[in-house]
Structures are given as structure tokens and as C-alpha cells.
Amino acid sequence: MKRRNAVYVITRRHWCIGIVLLGLAACGDDSDGVTPVDPDQPSISGTWNAVLPAGRLTLELREGPPGVVTGSYSMPVNIGFAVSGPIGSGDHRHPDVLLRWSARLPEASGVDLVSECTIEGTAGANGIWITGQIVCTEAEAVLESQRGPVTVIIGGINAPITLSRLRIS
């Protein structure tokens, strides 16, 4: 009888330990790995500029809840004009900033010339600077112009970047 009670006690202990472990697992972190947005974080809405090897990058950013950034960009290409368009996706979880867009130049050699760009950086507490890394894949094509064929390059950037804000909205 004593042996039977010992087996019962051991079995019951394992069962209790299992229930405790299951309860601890259920109380674990249920986040999706994304840092939540602080409702008091400074906004990065406004006009931002940076100097690139080929010219100037301008970003018009609008931040809405919860940390979603939209807007537009304008960046130069090597034949003296700017390519512009919408920011494809943006995220700001202060101080971290991530922006993505596609620079397109239609009808280059019969197809769209596309450069994918990303800025991953950190916004300063004063709201005036974003520092980080810009990466734009290189896209090259030949365009027909009035003066003959012109080689166009968009992107080919992988460098540190500092953006400064012109105005705070």
C-alpha cells in the first residue's frame, strides 16, 4: 500500500509540474516582436533633405498613428533631373525609422527602370536629424533623347546618410 501511495504522489507531482509549466507558457510574451509605438514620441512629419553623391534627396513625410509614415521623395539621376514618387512604406518607432520606395523611370529601353531604396536610421530627440544608412539598388538603362541615346543610372547608393528637417509640421 505504501508503494502504491508513493507512485500516486510521484504521478501527481509530475501532473502538477506539467500544469504549472503550461500556465507559465500561457502567461508568456504574446508580442509579435514589434516595438510598440510610444504615444508621446516626437513626429517625423515634415520636409527632410540630404546630400547624395549625385545631388539632393528630398523627403516629404507625414506620420500617422501608429507610427505609419507616408509621403513622397525626390532624388536626382545622372542626367540632371529628379525622379520622384510616393514613399512605398514607412515606420517610425522612436527613435527607429525605416523608409522604403521605388524610384521609377518609365520607358527606359522599352521597360521601366526601377531602383529599390531603403533608409534605415535613427531620429534624434530634437526632431531635426535622422542619421542612418541609405541603400538604393543600381538600375541602368539607355534613353533616347533629342540628342541621341543617353545612359541613365538610378541608385547604386550604399552609404551613411544624414537627413535634416527644414520645417516641423
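Guide: We can go from the overall layout to a few particular residues, keeping in mind that this is a predicted model.

Visitor: Okay, how many helices and strands are there in the protein chain?

Guide: The protein chain holds one helix and eleven strands, and reading along the sequence gives the pattern α-β-β-β-β-β-β-β-β-β-β-β.

Visitor: And what share of the residues is buried?

Guide: Of the 169 residues in the protein chain, 30% are buried, while the accessible surface comes to about 10800 Å², with 57% of that surface belonging to carbon and sulfur atoms.

Visitor: Switching topic, which cysteines form a disulfide?

Guide: Cys-117 and Cys-136 do, with their sulfur atoms 2.2 Å apart, and the count of disulfides comes to one.

Visitor: Which parts does that pair tie together?

Guide: Cys-117 sits in strand S7 (residues 111-123) and Cys-136 in strand S8 (residues 129-136), so the pair ties together parts that are 19 residues apart in sequence.

Visitor: Are those two cysteines buried or exposed?

Guide: Cys-117 and Cys-136 are both buried.

Visitor: Why is the disulfide called right-handed?

Guide: That follows from the torsion about the S-S bond of Cys-117 and Cys-136, which is about 120°, so the disulfide is right-handed.

Visitor: Now His-92, where is its place?

Guide: His-92 belongs to strand S5 (residues 89-93), and His-92 counts as buried because its relative accessible area is 0%, where the cut-off for buried is under 20%.

Visitor: What joins its side chain to that of His-94?

Guide: The side chains of His-92 and His-94 are joined by a polar contact of 3.0 Å.

Key
Residues are numbered from 1 along each chain as its sequence is written. This is a predicted model: local features need pLDDT of at least 70, side-chain atom pairs count only at pLDDT 80 or more; totals for chains, interfaces and linings use all residues. Side-chain values use heavy atoms; hydrogens and water are left out. A disulfide is a pair of cysteine sulfur atoms within 2.5 Å. Helices (H or I, at least four residues) and strands (E, at least two) are DSSP runs, numbered from the N terminus. Buried means under 20% relative accessible area, exposed over 50%, partly exposed in between (1.4 Å probe, protein chains only). A polar contact is a pair of N or O atoms within 3.5 Å; within protein, one must be able to donate a hydrogen and the other to accept it, and residues adjacent in sequence count only if both atoms are side-chain atoms. Accessible areas come from the Shrake-Rupley method with a 1.4 Å probe; for residues, only the protein chains shown count as cover.
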